[in-house]
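Please report on the fold, core, helices and salt bridges of the model shown here. Keep the account brisk and tied to residues.

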Amino acid sequence: MRYHSEDDFGLPESAFNFCSFWYINALAVSGRREEARDLFEHMLARRTPQGLLSEDLDPRTGELWGNYPQTYSLVGIVNSAMRLSRTWEDAL
């Protein structure tokens with residue numbers, strides 16, 4: 001979630017996808033790579049058949065909400081994929 005407090009629109013019902021990718025990167029950097037990879041795969045499974053994500057996601061149903069396609073979400077996929085990839089040294 002981007003935030004948990006109520007605003008003029010009420011309590012938020014959807015999760016901001018970029019925050020999920022930020023969390024994936026934080027998990028990976030802190031050494032929790034398996035947990036990060038599991039969450040990354042969960043997020044990838046939410047993409048449309050075209051491989052795109054929206055701005056938000058309903059955490060209960062997995063339904064995509066908000067702006068579509070969302071650049072921040074797509075950048076999040078790329079950043080997290082890079083963070084979770086093996087290094088060149090490990091690959092060679």
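## Salt bridges

At 39% relative accessibility, Arg32 counts as partly exposed. The model is predicted. Arg32 forms a salt bridge with Glu35, and their closest N and O atoms are 2.8 Å apart. Glu35 is also partly exposed, because its relative accessibility is 36%.

How many salt bridges does the structure hold? There are two. The other one joins Arg60 to Asp58, with 3.1 Å between the closest N and O atoms. Arg60 is exposed, with a relative accessible area of 62%. Asp58 has a relative accessibility of 4%, so Asp58 counts as buried. The cut-off for buried is under 20% relative accessible area, and for exposed it is over 50%.

## Overall layout

The chain contains four helices and three strands. Along the sequence they follow the pattern β-α-α-β-β-α-α. The C-alpha atoms fill a box of roughly 50 × 30 × 20 Å along the principal axes.

The chain has 92 residues, and 29% of them are buried.

## Nonpolar core

The largest nonpolar core has 11 residues. They are Phe21, Ile24, Leu27, Ala28, Ala36, Phe40, Met43, Leu53, Leu57, Ile77 and Leu84. Three helices each supply at least two residues of this core: H1 (17–29), H2 (33–44) and H3 (71–84). H1 gives the most, with four residues. In soluble globular proteins, nonpolar side chains tend to be buried together.

Phe40 is one of the core residues. Which residues does Phe40 touch, not counting residues up to four places away in sequence? They are Phe21, Ile24, Ile77, Ser80, Ala81 and Leu84.

## Helix H2

H2 has 12 residues. From first C-alpha to last, H2 reaches 16 Å, close to the 16 Å expected at 1.5 Å a residue.

The buried residues of H2 are Ala36, Phe40 and Met43. They cover an arc of only 60° around the axis, so they sit on the same side of H2. An α-helix has 3.6 residues a turn, so residues three or four places apart point the same way. The cover over the buried residues of H2 includes H1, strand E2 (56–57) and H3.

## Helix H3

H3 has 14 residues, which should span 20 Å at 1.5 Å a residue. Its end C-alpha atoms are 20 Å apart, in agreement with that figure. Gln70 caps the N-terminal end of H3. A side-chain oxygen of Gln70 lies 3.2 Å from the backbone nitrogen of Tyr72.

Which residues of H3 are buried? They are Ser73, Gly76, Ile77, Ser80 and Leu84. These residues lie on the same side of H3, because they cover an arc of only 100° around the axis. H1 and H2 are among the elements that cover them. On the other side of H3, Thr71 and Met82 are exposed.

Ser80 belongs to helix H3. Is Ser80 buried or exposed? Ser80 is buried, because its relative accessibility is 0%. Leaving aside neighbours within four places in sequence, Ser80 is in contact with Phe21, Ile24, Asn25 and Phe40. Phe21, Ile24 and Phe40 are among the residues of the largest nonpolar core.

Ala81 also lies in H3. Its relative accessibility is 29%, so Ala81 counts as partly exposed. Ala81 is one of the residues that Phe40 touches. Ala81 and Asn25 are 56 residues apart along the chain. Their C-alpha atoms are separated by 9.2 Å.

Notes:
Residues are numbered from 1 along each chain as its sequence is written. This is a predicted model: local features need pLDDT of at least 70, side-chain atom pairs count only at pLDDT 80 or more; totals for chains, interfaces and linings use all residues. Side-chain values use heavy atoms; hydrogens and water are left out. A nonpolar core is a set of buried Ala, Val, Leu, Ile, Met, Phe, Trp, Tyr and Cys residues joined through side-chain atoms within 4.5 Å. Buried means under 20% relative accessible area, exposed over 50%, partly exposed in between (1.4 Å probe, protein chains only). Contact means heavy atoms within 4.5 Å. The expected span of a helix is 1.5 Å times one less than its number of residues. The arc is that of the directions from the helix axis to the C-beta atoms. A polar contact is a pair of N or O atoms within 3.5 Å; within protein, one must be able to donate a hydrogen and the other to accept it, and residues adjacent in sequence count only if both atoms are side-chain atoms. A salt bridge is a side-chain nitrogen of Lys or Arg within 4 Å of a carboxyl oxygen of Asp or Glu.
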